[in-house]
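Dear colleague,

Please find the structure we discussed below, together with its sequence. I would be grateful if you could read the notes that follow with the model open.

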Amino acid sequence: MGETIHGNKFSVGFGGKGANQCVMSSRLGAKSAMIAMVGDDSFGNDTIKNFEMNNVDVDFVFKTSEAATGAAPIAVDDRGQNSIIIVSGANNLLSESHVKEAFNYITSCKVMLCQLEILPETTLAALKLARSRGVFTVLNPAPAVKDLDEEFLKNCDIFCPNETEAELITGLPVRSIEEVKIASLALLDKGCKRVIITLGDQGSILASSDTRTPVQIPVTKVKTMDSTGAGDCFIGSLAYYLALYPDLQLEEVIQRACVIASVSVCATGTQTSFPWKHELSDELF
């Protein structure tokens, strides 16, 4: 306790799980919009400008003077692994009424991504509203919440945690591929239709209520410089393929999203490491 540790580099970048995922989808060519709340401060203004530079619709990025823009200090070690502290700030002021206001104008949405960085009741309201309008829903349960209300799992088409989040939500050990498969089945039992558990350089596990046979989808290992945001890169890419390639098999969608996430860990930063479509192999499209 109270230990001071020397670092060798400091930088400020844009982030937030939802923001990262939205930016990644947009960089691949999806028409993306963000529903969010930022503070009426320099971070909030810069966040909106960054969205605009990444071709993200900001019509429903609301501002408040009652709280500062959310922030997430990140520490990265020499192996490229990271730890994150989240300060929610203005995120906690995004309400169900803001979501309804946005959906009244967004009429052609194909996929909606949700996370747990805002109030739970707002996220759940968004999932239910999207489902009622036939929108495909993906929930990334991060930051993870123990004893997550099963209504979240029942109201998303894809539930996509990493192994740490899956362990916390299921209460089961997730230290081997077999244990991950067991956890994926436990999530199906809680009401999920499809579960994707991401495993970093081990790829991911896909389980579906249709077959109840979890399968591992591997990924080619690369030398990691910085894993920060790799999960968001994966999920943003996943949403892109779900929206623009609806006939592609889900296993292939996951494989392609893994390839794009692998590209991101070869560079430093979060959004700064996310590739644009023109930087990727044509075979991915």
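The notes below cover backbone features, a pair of strands and a pocket.

The model is predicted, so local features are reported only at pLDDT of at least 70 and side-chain atom pairs only at pLDDT 80 or more, while totals for chains, interfaces and linings use all residues. Residues are numbered from 1 along each chain as its sequence is written, and side-chain values use heavy atoms, with hydrogens and water left out.

Backbone features

Helices and strands are DSSP runs numbered from the N terminus (helices: H or I, at least four residues; strands: E, at least two). The loop between strand 8 (136-139) and helix 5 (150-154) contains Pro 143. The peptide bond joining Ala 142 to Pro 143 is cis, with omega about -5°. Asp 147 also has its place in the loop between strand 8 and helix 5. Its phi is near 60°, which is positive although the residue is not glycine. Asp 147 counts as exposed, with 66% relative accessibility; here buried means under 20% relative accessible area, exposed over 50%, and partly exposed in between (1.4 Å probe, protein chains only).

Arg 212 likewise is a residue other than glycine with a positive phi, in this case near 50°. Arg 212 sits in the loop between strand 11 (204-208) and strand 12 (215-217), and is partly exposed at a relative accessible area of 38%.

Strands 2 and 4

Strand 2 (residues 36-39) pairs with strand 4 (residues 61-64) in the parallel sense over 4 bridges; pairing requires that DSSP finds at least two bridges between two strands. Val 38 has Lys 63 of strand 4 as its bridge partner. From strand 2, Ala 36 and Val 38 point one way, Met 37 and Gly 39 point the other way, and all are buried.

The second largest pocket

The volume of the second largest pocket is about 190 Å³. Of its 13 lining residues, the closest to the centre are Arg 194, Leu 206, Ser 208, Leu 250 and Glu 251. A pocket is an open set of points on a 1 Å grid over the protein atoms alone, where a 1.4 Å probe fits, with protein on both sides within 12 Å along at least five of seven lines; lining residues have an atom within 4 Å of a point. Grid points are joined across faces, edges and corners, and the volume is the space filled by probe spheres set on them.

Strand 11 and helix 9 (250-264) each supply at least two residues of this lining, and strand 11 gives the most, with 3 residues. The lining divides into 7 nonpolar, 3 polar and 3 charged residues. Ala, Val, Leu, Ile, Met, Phe, Trp, Tyr, Cys and Pro count as nonpolar, Asp, Glu, Lys and Arg as charged, and the others, Gly among them, as polar.

With kind regards
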